[in-house]
Structures are given as C-alpha cells and as structure tokens.
Amino acid sequence: MLKSRIKYNTASFVTSAPDITKLPADTGIEVAFAGRSNAGKSSALNALTDQKLARTSKTPGRTQLINTFELADVDNMRLIDLPGYGFAKVPIEMKKKWQKSLGEYLQKRQSLKGIVVLMDIRHPLKDLDRDLINWAIGSEIPVLALLTKADKLKQGARKAQVLQVRRELSALDGDITVHAFSSLKGTGLPEVAKKLDEWFLGPVIAVPPADKASDESSSDTRTTS
C-alpha cells in the first residue's frame, strides 16, 4: 500500500473540459500531469490512484480534453490530466485546438501549483518537453520530471539516463525534481506521492526532540511544588 499523507485512491472523476471555461472554479490547489501523447500519463495516474481512473489506449493521443479528478480526503484539491502534445495522428485543426486549451490552462489557471512532466526514459527532453519545463520555470511553478517506462531499460542504463537528465535540467535553475518511473513495476511511485504531498499540503516540518535536561527540570519543579 502506498504510504502518503493524502489518500490518492480516493480520487474520482469530476469533468472533461474542452477549455478552462468549463473547469471547476479556479480555487484550491491543482497538480497537472502533462507529456507527449505516448509518454504514459494515464498509466501514471492509474498507478498513483490504484484504480482505472484515466483511460489508457494503445493509440497515443486519446486524451483530447482537460480531465479533472477530485481528491476526496482533502478539501478543494484536484489532479488534472492534460491533453497529450505531439505525436498524435490527428487532423491539424484538432491538434491546434488541443494545444490552445493546453496553453490557456498553463497560462491562466491560478490554482495550478505543480506540474508532473512525463517523458519516455528512452527519448526524454524533446523540444515540446523543454518548452513546457522552461515555461514552468518562468512562471515559478515546480516541476516533477518523470522518466516513464523505466522497466524498458536495465538498471545501469536507467541510472545513467536519470543522471543525464538531472544534469541538463539543473542548468535551468528551476525547482525541478527528476525520477525514473514505471507504472508497471511501481518504480518511483513513492517519490511521486511524496512530492505531490508537498505540493498539496506543504513540506513536513520536523519537530526537534524536547531537551532532556529541560524535561527533567520541569519534572522536578512539578514534584516540589
């Protein structure tokens, strides 16, 4: 069972919107999942929530709308599945429509507090991936870059690819975290939950242990009074 402060398995579908005007009120906190049409966004969402929340397909580009999922155990917090970009074999006018709705969401949605950018670990940092990450940095929105389908590579190659992507993105001077991820094997899933917990609820603040001498002094004082 996934250990996290938020119960992501309580997520439920709210709406599919063609543009931001049809989304829920722009309040609370949203975390968006974005990536190329073949990057495995839906599979990642399903792995995180431990349910068939988002539709998966062998045909890339099936996510054509902005899909909204509400987290039941926290107030006014949502997961967003954005339309996939690139690759999809669809008419150019349809592709332009998707890109417009994606752009409007990223630029105008005030409740957006973090973006999970999913990239195939074998082909990361394509031009559109870089554009999205650069936009997020410019807007001071943190990024979790997930290198998906990590089970397709052996451990050594996987680690090397993660390190290479981390090196490249570190030069951008933004709030970017990079992890390998596999929805099939569960690789990286705890790291995803931890990062989303931070975006939704804030970082865990460690409480320093009470000073033992002070405790004993206080105890003595109570005893003699």
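Guide: Start with strand β6, residues 143-148, in this predicted model. Of its 6 residues, 6 are buried, so the strand is largely enclosed by the rest of the structure.

Visitor: Which way do the side chains of β6 point?

Guide: V143, A145 and L147 point one way, while L144, L146 and T148 point the other way. Residues on both sides are buried. In a regular strand the side chains alternate between the two faces of the sheet.

Visitor: Which strands pair with β6?

Guide: Strand β5, residues 112-120, pairs with β6 in the parallel sense over 6 bridges. In that pairing, V117 stands opposite A145 of β6. Strand β7, residues 176-180, also runs parallel to β6, and 5 bridges join the two. There, L144 stands opposite T177 of β7.

Visitor: How does the chain get from β6 to β7?

Guide: It crosses through helix α4, residues 155-170, and this β-α-β crossover is right-handed. Another right-handed β-α-β unit is made by β5, helix α3 (residues 127-138) and β6.

Visitor: Ok, zoom out. How many helices and strands are there?

Guide: The chain has 6 helices and 7 strands. From the N terminus on, their order is β-β-α-β-β-α-β-α-β-α-β-α-α. Of the 225 residues, 43% count as buried.

Visitor: And the contacts, what share of them join residues at least 24 apart?

Guide: 75%, counting contacts between residues at least 6 apart in sequence.

Visitor: What about the largest nonpolar core? Which residues touch the most other members?

Guide: L82, Y105 and I115 do, in a core of 33 residues. The elements that give two or more residues to this core are β2 (29-35), α2 (92-108), β5, α3, β6, α4 and β7.

Visitor: What does Y105 touch?

Guide: Leaving out residues up to four places away in sequence, Y105 touches I20, L23, E30, A32, I66, I80, L82 and L112. There is also a second, separate core, with 28 residues, including Y8, L144, W199 and F200.

Visitor: Which other residue meets R109 in a salt bridge?

Guide: The side chain of D26 meets that of R109 at 3.6 Å, N to O. D26 is in the loop between β1 (12-17) and β2, 83 residues from R109. D26 is partly exposed, at 32% relative accessible area, whereas R109 is buried, at 7%.

Visitor: How many salt bridges in the whole structure?

Guide: A search finds 8. One of them joins the side chains of K149 and D120, at 3.9 Å from N to O. K149 lies in the loop between β6 and α4 and D120 in strand β5, so this pair ties together parts 29 residues apart in sequence. K149 counts as partly exposed at 27% relative accessibility, and D120 as buried at 9%. Salt bridges that share partners also join D26, E30, R78 and R109 into one network.

Visitor: New topic: backbone angles. Where does L125 lie, and what is its phi?

Guide: L125 lies in the loop between β5 and α3, and its phi is positive, about 55°, although it is not a glycine. Most residues other than glycine have a negative phi. L125 is buried, with a relative accessible area of 8%.

Visitor: And E140, buried or exposed?

Guide: E140 is exposed, with a relative accessible area of 75%. Its place is in the loop between α3 and β6, and its phi is positive too, near 60°.

Visitor: Last one. How much of helix α1 is covered?

Guide: Helix α1, residues 41-49, is mostly covered, with 7 of its 9 residues buried. Those are K41, S42, A44, L45, N46, L48 and T49. What covers them includes β2, β3 (66-70), β4 (77-81), β5 and α5 (189-201). After α1 comes D50, with a positive phi near 55°.

Notes:
Residues numbered from 1 in each chain as written. Predicted model: local features only at pLDDT ≥ 70, side-chain atom pairs only at ≥ 80, totals over all residues. Heavy atoms only, no water. Buried < 20%, exposed > 50% of the residue type's maximum accessible area, 1.4 Å probe, protein only. Helix = DSSP H or I, 4+ residues; strand = E, 2+ residues; numbered from the N terminus. Pairing = 2+ DSSP bridges. Right-handed = clockwise from strand over helix to strand, strands pointing away. Core = buried A, V, L, I, M, F, W, Y, C linked by side-chain atoms within 4.5 Å. Contact = heavy atoms within 4.5 Å. Salt bridge = Lys/Arg side-chain N within 4 Å of Asp/Glu carboxyl O.
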